[in-house]
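Please read them alongside the model.

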Amino acid sequence: MISILFKINKRNIPQNYIFGDMQLNDIWQDIISYAQGISVWELSGLIFGILAVLFLIKESVWTWPAGVAYVLVSFFVFWEARLYGDFILHIFFLVLNIYGWYYWTKGKKGDQPDVLISHTSAKRGVFLIAITFVGIFLFAQFLINIPNYFEGMEPAALPYWDSTTSILSVTGMWLTARKKIDNWYYWFAVDVLATCIYFYKELYFYSFLYFLYIGMAIAGYLAWKKTMMNQSYN
């Protein structure tokens, strides 16, 4: 969920500076320029996305309606920006948000007030890693071949890195929906990669936000770990 919050309308961000000659003032000006030109749809996505993460850290079921609202807004933004790969991925994210909402509400066992946080078994964890690597390779091939599928579209930039953050996000969303604490490992990896990728591509606004998300992922993991310890004493 953290990883998909700000893949919005990248075309509006200035990319006029040479990476080797960057100045802090240039980076700050890019951030200010983006913030001043943000659309109502992008601002809505920003608000719903941050709410979804904050509710997730607090283990609140409200993370899912906030996530659904974010995805619905993102459909419009991605389509308008012609980010078709992100648009397709968000169809899966919508399904996973609805599933997570259902599971956190109806998946309680016995007299439990909430679905308990748990670890993924070692066997399933290895399976998920294997499926994730396969998904990264296949989605990267799709991104590489986009010009062959859609006439007039330019080749994807950094297809393997883009695919890595996207597919890791899908796995993270699945683990989040199942209330597995392992989801935070995936979000942490995505946030670190995205911070570096966006900085390299001179998308400084996104790089800064994902840097903040690294801290939120750590905070989320620690909060969930504390809840798991309390569960074991009850």
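Is Lys179 buried or exposed? Lys179 counts as buried, at 4% relative accessibility. Here buried means under 20% relative accessible area, exposed means over 50%, and partly exposed is in between, with a 1.4 Å probe and protein chains only.

1. Basis. This is a predicted model, in which local features need pLDDT of at least 70 and side-chain atom pairs count only at pLDDT 80 or more, while totals for chains, interfaces and linings use all residues. Residues are numbered from 1 along each chain as its sequence is written, and side-chain values use heavy atoms, with hydrogens and water left out.

2. Overall fold. The chain has nine helices and zero strands. Along the sequence the pattern reads α-α-α-α-α-α-α-α-α. Helices (H or I, at least four residues) and strands (E, at least two) are DSSP runs, numbered from the N terminus. The chain has 234 residues, and 45% of them count as buried.

3. Lys179 again. Lys179 sits in the loop between helix 7 and helix 8. Its phi is positive, about 60°, although Lys179 is not a glycine. Most residues other than glycine have a negative phi. Lys179 also lies over the face of Trp104, 4.6 Å from the ring centre. The rule for a charge over a ring is NZ of Lys or CZ of Arg within 6 Å of the ring centre and within 35 degrees of the ring normal.

4. A further positive phi. Glu59 has a phi near 60°, again a positive value in a residue other than glycine. Glu59 is placed in the loop between helix 2 and helix 3 (63–81). Check both loops by eye.

5. Aromatic pairs. Rings of Phe, Tyr and Trp (its six-membered ring) pair if their centres lie within 6.5 Å; planes under 30 degrees apart count as stacked, over 60 as edge-to-face and the rest as tilted. By this rule there are eight aromatic pairs. In one of them, the ring centres of Tyr99 and Trp174 are 5.5 Å apart and the planes are at 15°, so the pair is stacked. This pair links distant parts of the chain: Tyr99 is in helix 4 (residues 84–106) and Trp174 is in helix 7 (residues 159–177), 75 residues apart. Tyr99 is partly exposed, at 26% relative accessible area. Trp174 is partly exposed too, at 31%.

6. A tilted pair. Tyr185 and Tyr221 form a tilted aromatic pair, 5.6 Å centre to centre with 40° between the planes. Tyr185 belongs to helix 8 (residues 183–200) and Tyr221 to helix 9 (residues 204–233), so the pair ties together parts 36 residues apart in sequence. Tyr185 is partly exposed, with a relative accessible area of 41%. Tyr221 counts as partly exposed at 22%.

7. Aromatic cluster. Trp64, Trp104, Trp184 and Trp224 form one aromatic cluster. Trp104 is the residue whose face carries Lys179.

8. Surface patch. Which residues form a nonpolar patch on the surface? They are Leu43, Ile47, Phe48, Ile50, Leu51 and Leu54, with about 450 Å² of accessible area together. Patches are made of residues with over 30% relative accessible area and no salt bridge; like charges are joined within 9 Å, nonpolar side chains (Val, Leu, Ile, Met, Phe, Trp, Tyr) within 5 Å. A salt bridge is a side-chain nitrogen of Lys or Arg within 4 Å of a carboxyl oxygen of Asp or Glu. Accessible areas come from the Shrake-Rupley method with a 1.4 Å probe; for residues, only the protein chains shown count as cover. Leu43 lies in helix 2 (residues 40–57). Leu43 is partly exposed, at 39% relative accessible area.

9. Side chain to backbone. A polar contact is a pair of N or O atoms within 3.5 Å; within protein, one must be able to donate a hydrogen and the other to accept it, and residues adjacent in sequence count only if both atoms are side-chain atoms. Asn97, in helix 4, reaches the backbone oxygen of Phe93 with its side chain at 2.8 Å. Asn97 is buried, at 2% relative accessibility. In helix 7, a polar side-chain atom of Thr165 lies 3.0 Å from the backbone oxygen of Asp162. Thr165 is buried, with a relative accessible area of 5%.

10. Ala140 lies in helix 5 (residues 122–144) and is buried, at 0% relative accessible area. The C-alpha atoms of Ala140 and Pro159 are separated by 5.3 Å, with the two residues 19 apart along the chain.
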